[in-house]
Amino acid sequence: MVKRSYWSLPYLIFMVVFVVLPLLLIVLYAFQDGSGHFTLSNITRFFTDSDSLSTFALSIEVAIENTLICILLGYPAAWILSNHKLNRSAVTVVLFIMPMWINALMRTLATAELFSMLGITLGKGTLLFGMVYDYLPFMIYPIYNTLMKMDNSYAEAAEDLGAAPWKVFWKVTVPLSFPGVMSGILMVFMPTVSTFAISEFLTNNKIKLFGTIIQENINSSMWNYGAALAFIMLIIIGITSMLGETKQSETEGGLI
Amino acid sequence: MTQDNIIDIQHLSKSFGGVKVLDDINFYVRQGEFVTLLGPSGCGKTTLLRQIAGFIAPDEGRILLEGKDISGIPPYKRPLNTVFQRYALFPHLDVFDNVAFGLKLQKVPRKEIEVRVTKMLKMVSMADYEDRSVDSLSGGQQQRVAIARALVNYPKVLLLDEPLAALDLKMRKDMQMELKEIHRKMGITFIYVTHDQEEALTLSDTIVVFNEGRIQQIGTPADIYNEPVNSFVADFIGESTILNGTMIRDRRVEFMGHEFDCVDEGFGENVPVDVVVRPEDVYIMNQLEGAQFSGVVKSCIFKGVHYEMFVETDNGFELMVQDYNAFEPGSTVGLLIRPGDIQVMRKERTCNTVEAVVEDGSHIKMLGCNWECEVPEGFTPGDEVLAEFDFEKVELLDNREDGKLGGEVHFLLYKGDHYHLTILTDDGDHLWVDTNDIWDKGDLVGIEIAPADIKLKRRNG
Amino acid sequence: MKKILAQCYIWLLLAMLYAPLLFIAVFSFTESRVLGNWTGFSTKLYANLFTGGVNGGSSLMSAVENTLLIALIAAVFSTILGTVAAIGIFNLRGRKRQTMQFLNNIPMINPDIITGVSLFLLFVFLKFSQGYVTVILAHITFCTPYVVLSVMPKLSQMNPNIYEAALDLGATPSTALRKVLVPELRPGMISGFIMAFTMSLDDFAVTFFTRGTIGLDTLSTYIYTDARKGGLTPELRPLMTLIFLLVLVLLLIINLRSARAENKAK
């Protein structure tokens, strides 16, 4: 198979056209005005507009809160699911994975409808609840996966060396499952910042998140400002994925 | 070159990423012969086999099959077949279809395929397994199918790449006998790659011993065992004690502080040599009468058929001895070696010799760094010289950072009272070191040489 | 005791996750246009859904058809492109391989909105009129990386000598590819196809930005527009219930089967 390396060429060309070029276009449009001249005004506009800035801050805040709640709720669940003494049923695991396979919009809509039927006013509380509801499986699954793949002999070795069960958990299981948590964070944090339909549904469009203002600008043909906002989001993605060291490709591989 | 050479390898060389894996390989294989390429892992034997099969193109040299150069022919057009180390059976096909794979591609009529496959499976004792999936077979069974799959095409030469390496000992022994039987029945030429010297001795008509990309020795199993040409071969094939000695004159050699009669001639007088003594060739007895020298038994281990003992000789050398009788550790014994059992080999080198360049009055550059040394009168900066230093003058340090130069222990040879090490430096140069310290293969070391111990010589002076 | 606590926790979370879906499912069996208002048991909504009856059921069904068609085409192309690419990348070494893997990761790390906006800008920039073709191209873009990721492990698990063995037995490189390599990679290609298909089904944001203005709707964009209009088409309730059941059954079959196969292997 030595000479098959050129088989990567079609995909390389495809990716240059449909991945690299589009991202460069975001940068290009971000630094242009409507008539195609270079400008920084789109970027400065974002940093001087208090509405945009507060939306941005709120998005980050909601994303951090959502990620934290997902870890707090998801880690114990993943641990219980992966523990043979506590859970023997494959069905429960499937039940946790399944929501990932159902259209998020449908699930969000269902949640919003349930809230309005129960007479709960849509707002930040319902937004956060809905987000957790949407993204919890994406946190549980990668953690569950790393815990399942973890060689049991590490824990046995720790026990053998005199560690009590709770110490084994904190000193061995938790550190070793860190890559799973990292990939869970990547799968929850960025989508939360960027989503627009979900926040619109869950707050009846009362609270705007960063994704919503990008969408509104693009849809009202303000491409350059929309591109500038997308550019800022790209930079955040760069930072988060560098922090997360793209370990996720291993765990994200087999979703089935 | 005679007519019945089926394979002829001429001046074959191959490098991977600047490292020479095979260096000017020359040998031939006769029609119907069982040839084994033997050597430690990484010696280039598998690379050579893959070149014969056609998976790797040689950098230089030719491979002749029945007198025709096949170097440029792709593997699927070569009338050779390979048995791979990890079988490489097609998991999606059953046993029959695996064996029939090559015949189907040749568009052999279906009737004939059935006949040939059935016959071949019978020969490897897998007749009842035709419809089985290959995943359901044991390692030994998969091996049989792999052999049948290759042989069913009646190749001119069968190439086998460590085919028994993955089997357990008992199974390996059985398969060795079966391979030998198949070879006899089919009359096909076998080229067999292995790192197991016992396997090579058992199976082969001819053994080609490899080390570091070069052929060390070619010969029959008996030749290679009884008359190794250098210390590498002696150490690699069978158990042996290798000792420093001096050839006093023809048929008289000194080692372990004693003089012995031997049968070797033509080395010259007072020439340093390596001496090989096989443990089963040392006679051990309770009385000192009739013995050539004495020793004290240090350890005695039962090995099934014989006892293996380490004896410290009267002059402080350690000698391995095998005998059917046990001798108590601590007891004094007499020892005797017959002239015909002493194998004398020319030394490949007696000291380290490296190319160097004079830097100034007290420094030279060699092995990629600067060394202080006593530069004698008459050498000027820029002179290209040879630097020589004795094996025991190289000092090895535990941390590679502490030495002027870093390296790795590449090969060890115990010589009775000290270790002779081959060190591979970080830049890929070889150094040889005599030491009493114990190192293991793969240990990382720092290297130092005292200025007074480096002697300079003019090149080709 | 510990086990009971653990089980309680698990089922509490599951109750939270499934409450909205159950709620929708229950109210799919009543005729009321407003959710939460039970007007007696009825299967009329289900009947409407399949006969394309009242209340915009027909445009809903065409959205469903679009969704399935786009997912199918995108998944087929992604599987071919991704498999070829995986074989190529597998044979690359060093820096080139790292670059390809890095590029392959970008669409997976990028949130949908970035992929959507960037492709929207591309099509605007190239003056490419947006519709079916652009949506499918966009879907191939974010689906192919998953195919590459599911085929690559099969390549590295494969005994590297298998391909050589085929050549050794007289197969030309293209025959060896067809008869040995593809059968070996098939499980990876199938799971890559399924991933691509479901990723495409689930997508909203990328479709939203690349569908243009020709009125092309997939299920996601239909729901979005519907919800923005305020009222939810009642037929969505039976549709969601059916999708929900279908996915659940499929996943249960796949997972229980593989769990059983694993048990057998042990």
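Where is the place of Glu66(B)? Select Glu66(B) to find out: the residue sits in the loop between β4 (60-65) and β5 (68-69) of chain B. Helices (H or I, at least four residues) and strands (E, at least two) are DSSP runs, numbered from the N terminus.

Before going on, some conventions. Residues are numbered from 1 along each chain as its sequence is written, and chains are lettered from A and ligands numbered from 1 in the order in which they are written. The model is predicted, with local features needing pLDDT of at least 70 and side-chain atom pairs counting only at pLDDT 80 or more, while totals for chains, interfaces and linings use all residues.

**Stop 1**

Glu66(B) counts as partly exposed because 15 C-beta neighbours lie inside 10 Å. The classes are: buried if 20 or more other C-beta atoms lie within 10 Å of a residue's own, exposed if 12 or fewer, and partly exposed in between, with C-beta atoms placed from the backbone.

Next, select Ala88(B), in the loop between β6 (80-83) and α2 (95-105) of chain B. Ala88(B) is not glycine either, and its phi is positive, near 55 degrees. Ala88(B) is buried, because 25 other C-beta atoms lie within 10 Å.

**Stop 2: the domains of chain B**

Colour chain B by domain: domain 1 is 5-231, domain 2 is 239-346 and domain 3 is 352-458. These bounds come from an automatic or database domain assignment. Taken over C-alpha atoms, the centres of domain 2 of chain B and domain 3 of chain B are 32 Å apart. Nine residues from domain 2 of chain B and four residues from domain 3 of chain B make the contact. Two residues are in contact if their C-beta atoms, placed from the backbone, lie within 7 Å.

Now select β11 (241-249) and β18 (318-323) of chain B; each supplies at least two residues of the side of domain 2 of chain B that touches domain 3 of chain B. β11(B) has the largest share of that side, four residues. The residues on that side of domain 2 of chain B are five nonpolar, three polar and one charged. Here Ala, Val, Leu, Ile, Met, Phe, Trp, Tyr, Cys and Pro count as nonpolar, Asp, Glu, Lys and Arg as charged, and the others, Gly among them, as polar.

**Stop 3: between the chains**

Show all three chains. Which chains share the most contacts? Of the two pairs of chains in contact, it is chains A and C. Their contact takes 73 residues from chain C and 74 residues from chain A. On the side of chain C that touches chain A, the elements giving two or more residues include α1 (2-26), α3 (57-90) and α11 (236-265) of chain C. α1(C) gives the most to this side, with 13 residues. By class, the side of chain C that touches chain A has 58 nonpolar, twelve polar and three charged residues.

Turn to chain B: 17 residues of chain B are in contact with 15 residues of chain C. Select α7 (161-168) and α8 of chain C, the elements that give two or more residues to the side of chain C that touches chain B. Six residues, the largest share of this side, come from α7(C). The side of chain C that touches chain B has seven nonpolar, five polar and three charged residues.

No contact joins chain A and chain B; their closest C-alpha atoms lie 9 Å apart.

**Stop 4: chain A and a helix pair**

Of the 256 residues in chain A, 47% are buried.

Select helix α7 (residues 152-160) and helix α8 (residues 165-176) of chain A, which pack at an angle of about 155 degrees with their axes 10 Å apart. Axes are lines fitted to C-alpha atoms, for helices over the stretch in contact, and angles run from 0 to 180 degrees between N-to-C directions. α7(A) and α8(A) are therefore roughly antiparallel to each other. Angles under 35 degrees count as roughly parallel, over 145 as roughly antiparallel, 65 to 115 as roughly perpendicular and the rest as oblique.

Finally, show the side chains of Tyr154(A), Ala155(A), Ala158(A) and Glu159(A) on α7(A), with Val168(A), Lys171(A), Val172(A), Thr173(A) and Leu176(A) on α8(A), which make the contact. The residues of this contact divide into six nonpolar, one polar and two charged.
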